[in-house]
Structure formats: structure tokens, C-alpha cells
Amino acid sequence: MATQEIALPGLKQPGISSIDRLHGLVVTVDHKKLGLMYVGTAIGFLVVAGLMALAIRLQLAVPNNTFLEPDVFNRFFTMHGTSMVFLVGMALVSGFGNYLVPLMIGARDMAFPRLNAFGYWMYIFGGLLLYFSYLGAPGLAGHGSAPDVGWFAYAPLTGRAFSRGHSTDYWILSLLLTSVGSTVSAINVIATAVSLRCKGMTLMRMPLLVWLMIVVNFMILLALPALSAAQIMLLVDRYLGGHFFDTQAGGSAVVWQHFFWLFGHPEVYILIIPAFACVSEIVPVFSRKPIFGYPVMVGATVMIGLISTSVWAHHMFSVGMASVGNIFFAISTFTVAVPTGIKIFNWLGTMYGGRIRFDLPMLFCIAFLFQFLIAGLTGMMLGVAPFNWQLTDSYFVVAHFHYTLVGGFLFGIFAGIYYWYPKAVGRLLDRRLGLLHFWLFTIGFHVTFDTMHFPGLLGMPRRIFTYDAGRGWETLNLITSIGALLQAVAVLCLAINLVRSWKKGEEAGNDPWDAWTLEWATTSPPPEYNFASAPVVRSRRPLWDLKHPEDPDWKYE
Amino acid sequence: MTNEASLPKTFEASDWKLPSARKVALICLILTETGLFSIFVAGYVFYLGKSLTGPTPREVLDLPVLSTICLLSSSVTITLAERAFSRDRVGRFKMFWLLTIVLAAIFLASTAAEWRRLIYQKGLTISTNLFGTTFYSLVGLHASHVIVGMSLLLLVFIFSLRGFVTIMHRERLQMISWYWHFVDAVWVVVFTVVYVIGR
């Protein structure tokens, strides 16, 4: 095809030395490069934190194991959780938002390109600072290593008396840095989506991904300050002798929990909604139907955003709130199921009667639908306060949130990677390796996390570094660990695929999926300026209008 | 056909107007800052009266009347400066802009004097009791925002002395003034919570 001979952007031109390429990455303010750098860095941290999870699972595979020392185990689950949430999840949110939002709204870049680069560098240095704690935390005192207080760092364990050395300080400061990065990136994405839309793209003609990114980034703006404020208070406690969380001077450890979960619960929606966003773009294209109930999808997302700010204390049923509090937070938790259910039905409605193509992105989306449904159902179970009292801090909870974050978030993101990789690189990911990745990961996921519910029901608490034989947990834990190995192999397949297809993949062309949103109207990979001339749209599916001038969408909208 | 790099320009509406990205971004910044202050205010209110030892707010706090008047009137002067700027009356703009800086400086100076009095005469430090911890954190967080705002104001003033500030920068000045109004509004909340309700 003639159009594929349009000059490819800087990265691909022959004769550029690797030092120049690195320099290009360091000084770039291009939203596409930064978006890919976000996603690439996130995948790097995903591998590191995934290896920690693997080590944790090896330790727990058999009773009385001595593979990991107890304190190493504590550091691993803390670093695993913190990395996965802040360095993987949040970075993927920023990365997908950065790469896709300007392309989808027909803009040439983000509203504030330099601020965008600033956000990325804050993020990566925050992440490196967190890992530097292994070397830096002992400090002059000679105590401490990486943080070992869990990703929610409950007081008073984080107090000066219980957390000596600087491990908790590294946790605080690195997350404050990444939070600054996330905040400026959120401001940037919102300003871009609101102010830089191309002609004709009214709010209700935006692709759903852009809508969902706006909601997510508003949630980041509202939720992250709660964490930052609590962390600043903790710093005051640790360094200036403050008493915010010092129970011996009248402070309260429960206040930390309230502040943390005021951030922490919206955070899990912040992670899952970008997966919703990917699924909402991919399912229509591979079902060959427009999305079912677009305005309702928008409304449901806004509802999730609003309700998510008033459910935080369902993480705290066991601290002994008044029963009014328990009932309020149980009811608000159930309320979230309504908009989420609407979304699931709308995706099914989109697929219903469609000519479904089972390409890799769609496979991940279908698995996502089933798994996210089950994750939601166990979430409902945990929302029942008395049930929660039985199972809080058990492996049932661990299984539940890994079901949402792996089975939901990660599957949605994998779908997105297979879907947009051809756009970003110009080459398709290899289908055979992709299928291997899909099946190994899906099977491994179910072997691990379906099984993990049961030791929880049998009373196995989370965060124990080992357990005695004879409690009925041995076989279940062994199966769980085997599944983890399968998932590790699957991620290896993805990594090989990403690297190999970069140079050797099949040429994708501009629009390999016959899709309808604006990013597919430009070349793959897009030039630095995205669009040669500013596009103009008249409906939600501008490329449909272009390909079917005899029956365009705008006649019916 | 499917790989066209541009789309046909057949759009009827000629007036396609979107809000300014700067304004949207600043509103977002104010939103997230509001979240930050809310948590500190909530912490302050929650810990009111929970200190195990003295001194209490009633014993040591005086109403900061002068600094409040200065900070609130600085919102008026910055508006006047902005108005003068948009009418191209440069001298008047510089005068009101400088006045805003002076008022902010008086506010910071009287906060400093208040803290000095509290620390050296009343023996209240950030580690004395819960009141000290929450008081210095909340008021200090606000004061640090005043310092940031004042630095921005000073920067603009220095640039305007050298003639670098032109009508092109109108929206940027407007953004600084929005931020400044926000810092003032936060002070109204802090004043009410700390010095009126909490005393």
C-alpha cells in the first residue's frame, strides 16, 4: 500500500546512534514517546514486582519453608504491593492516557508537553528512590532496609519506635514524588481532553476511552491528596516529633486508616477504569457494532467515580466502627455494583448479535468480562459486614483483590497492549506467541486465584511467611504456587513478543483492525505532529463515516 | 481508502470554541489542593480537645486580625492590578501588584511573629501536644502556599520592571490571581476553624 511509505518518525530512521536515541528519550516532550516510556517502565516494574510475588509464592508452596527469611518476606510483600499499585498501575493509567487521548481527540500533543515530561521523570525517579531503599535505608543508624510495613503502612507500625532506620521514610518520599507525577499528568490529561478536541468532537462524540480517562483523572485529583496529606503528617510525626498517629499522646491510629482508605478505595477504581476504557474501545471493534448504550456508559462511569469516594471504610469493618458506620459503608459498597453491572451488561449488549472476531485483544476482553464479574461478586460478599468480620485479613481478601487487579485490570491492559501495539510500533504482535501468552496466563490465573479463595475460607491469614503442616492448607497453597509459575512463563511470552515484534513483526498498516476512532486515521507509528491536517468529525465513529460515505453515522446521531 | 491520513473537511460550524487549557488546568490544581487542605482541616477538627497536655488553643491563641485584613485586602489589590493591566495602565498595574506583595509580606511577617511568641513565650512547639502538631501543620501548610504565591507575584513584578510583561501574558497573570484568591479562601477556612470555632 502506498500510504505505508510515509516517512517514519525519528526512532526508526537508520543512522541514529543509540546515544542519540537515548538523548532523544531524555529530552522528549512528545506525548507518544512519553506514553510509551510510561508503559515500558511500568512493564519493567511489573516484572520486578512479579518476581517478588513469585518468590512469595515459592516460600508459601510448602509448609515450614525456609526459602525466604521472615523479614525478607515482609519487605517483598510490601514492595510487591507498593510497586504494583504506584509504579505499575498508576504508570499504565498515565501511559495509556498520554499516548491515546491526544490521538483520539485529533490533537497534536498534550496541552502542556513539558509538564508531561516532568510528570514522567517524577514518576521514574520516585520508583527508583523506592528501590534505592535497599541500599539507602539503613543510613547512619544501621537499621532498616526496604519498607516492610505493607502497602497500606498502618500506624503505629510506621512510628519512629517501631520502624527504625529510614525504610518508612523511603516509602513516604518515593510515593510523594510519584504522586506529584500522577497529579500533573492527571491535570494535563483533563486539560487536553477538555480544551484540545478537534473540530466537531463534542463531549458526547468523544471515544469512551477519553471519557473514562477524564473521570479517572478527576478521581486521581480528588483521592491522591488524601494519601499525600497523610504521608506529610507521618513525616511530621517521624521527624518533628508530631503526634498525629501517636496513640500515647492522644493521636489515633484509626485516623491513618481513614485517610489511607479515603485514598485507597478510589485508587482501586482508578486502576480498574482504564481497563474498562480499553475494553470499551476493543469490544465494539471486534464485535463489528457500535458500543451499546454510550450515554449510559458515560453516566455509569461518572457514578462509579462519585460513589467510590464514599465506600472507603469497608476496608475497616473490623476496627470497630459504630453500627451506623458499618451499615452505611456496606450499603454504599453494594451501590457500586449497580453502575458496574450496567457496564458489564452494555459490553455484553455490544457483543450480542455482533460478528465477533476472536483476535488477541478480544480474547483478553472476553476473559476480562468473566473474571471481573466473579471479582465483583466476591467483592459483594466482602461488603457484607458480618461476613467481612470472618474473612478480613485472610487469603480470601487477597484472592478477591488479585481477581480484580489481575483478572480485571491486567487483562484489560493486556488487551489494550495487543490492540494498540501495531499503532505505536507499526507492526503486529505475533499471534502464536500471543495465544500462548493468553492461554498460559488465563489458566495460570485461574489455578492461582480461584484456588486462593479456599485457604482464606479455611482461615489462612495473609502476610504470614510460613505455616504448619496439618491445617489443610498445604495442597491448596501448592496449587496456588504452581499457577504463579504458569503466569510467570506467560508474562515471559509477552515480553519476548514485545521485543521480537518491534523489529520482526508483520507490518500492520495504518488500520489493522478496521477500527473507527481517530488514532487509526494516521500512520503507524504516528508522526510527531500526529495529523497532517487537523481532523474534523461529525459522529462518534469518524472512520466509519469515512469508510462508508453512503451510510454515515452522523445521519443517525 | 481506509488508510487516508486525513479526514474530509466538511464541518459546518465555523465557531468551534473550547475553554482555555490553562484555566482548566488551574481549576484542576485548585481542586486537588482543596483535597489536600480538607484532610488537614479534618485532622485539625478531629483532634480538637484531644491533647493530653496543655497548652490549649484558648490559652495561647490570639485573633490574627492584622494579618487577616492584609491577606483579604490583597485579593482586592490583585484584582485592581489585573484590571489596570487589561486597560493597559502599566504604572497603576505595577503599583497595585507591588501593594499585593507588600500585604502578603505583612501576612507572613505577622505569622512569623505569632509563631515566635507561641514558641518562646507560650512554650508551644509542634511536638508539645496534639494541638501544636495539628496547628503548625495546618497553618504552616497554608503559609507555604502564601510563600509560593508571593514568589510568583515577585517574579511577575521583577519581569514587569524590566518590561517583559506584555498584554500577551494577560491570561497568565489571571491564573496567578486565581491561585491567590484560592490561597485567600483557604485562609478564611483556616481562620474560622482554628481561631473562631476551635478556640
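At roughly what angle do the axes of helix H5 and helix H6 of chain A cross? In this predicted model, the axes of H5 (residues 167-195) and H6 (residues 208-240) of chain A cross at roughly 155 degrees and come within 8 Å. Angles over 145 degrees count as roughly antiparallel, and H5(A) and H6(A) are therefore roughly antiparallel to each other. The crossing in which H5(A) passes H6(A) is left-handed. Where H5(A) meets H6(A), the residues of the contact comprise 17 nonpolar, seven polar and two charged.

Chain B is described next at the level of the whole chain. Its secondary structure consists of six helices and zero strands; read from the N terminus, the elements of chain B follow the order α-α-α-α-α-α. Chain B is more spread out than a compact globule, because its radius of gyration of 22 Å is well over the 16 Å that the globule rule gives for 199 residues. The table lists values for chain B.

| Quantity | Value |
|---|---|
| Radius of gyration of chain B | 22 Å |
| Span of the C-alpha trace of chain B along its principal axes | about 75 × 50 × 25 Å |

Two further values concern burial and contacts. Of the 199 residues in chain B, 34% count as buried. Among the contacts in chain B with a separation of 6 or more, 82% are accounted for by residues 24 or more positions apart.

Methods:
Residues are numbered from 1 along each chain as its sequence is written. Chains are lettered from A and ligands numbered from 1 in the order in which they are written. This is a predicted model: local features need pLDDT of at least 70, side-chain atom pairs count only at pLDDT 80 or more; totals for chains, interfaces and linings use all residues. Axes are lines fitted to C-alpha atoms, for helices over the stretch in contact, and angles run from 0 to 180 degrees between N-to-C directions. Helices (H or I, at least four residues) and strands (E, at least two) are DSSP runs, numbered from the N terminus. Angles under 35 degrees count as roughly parallel, over 145 as roughly antiparallel, 65 to 115 as roughly perpendicular and the rest as oblique. A crossing is left-handed if the near helix is turned anticlockwise from the far one by less than a right angle, and right-handed if clockwise. Ala, Val, Leu, Ile, Met, Phe, Trp, Tyr, Cys and Pro count as nonpolar, Asp, Glu, Lys and Arg as charged, and the others, Gly among them, as polar. The radius of gyration is taken over C-alpha atoms; the globule rule is 2.2 Å times the number of residues to the power 0.38. A residue is buried if 20 or more other C-beta atoms lie within 10 Å of its own, exposed if 12 or fewer, and partly exposed in between; C-beta atoms are placed from the backbone. Two residues are in contact if their C-beta atoms, placed from the backbone, lie within 7 Å.
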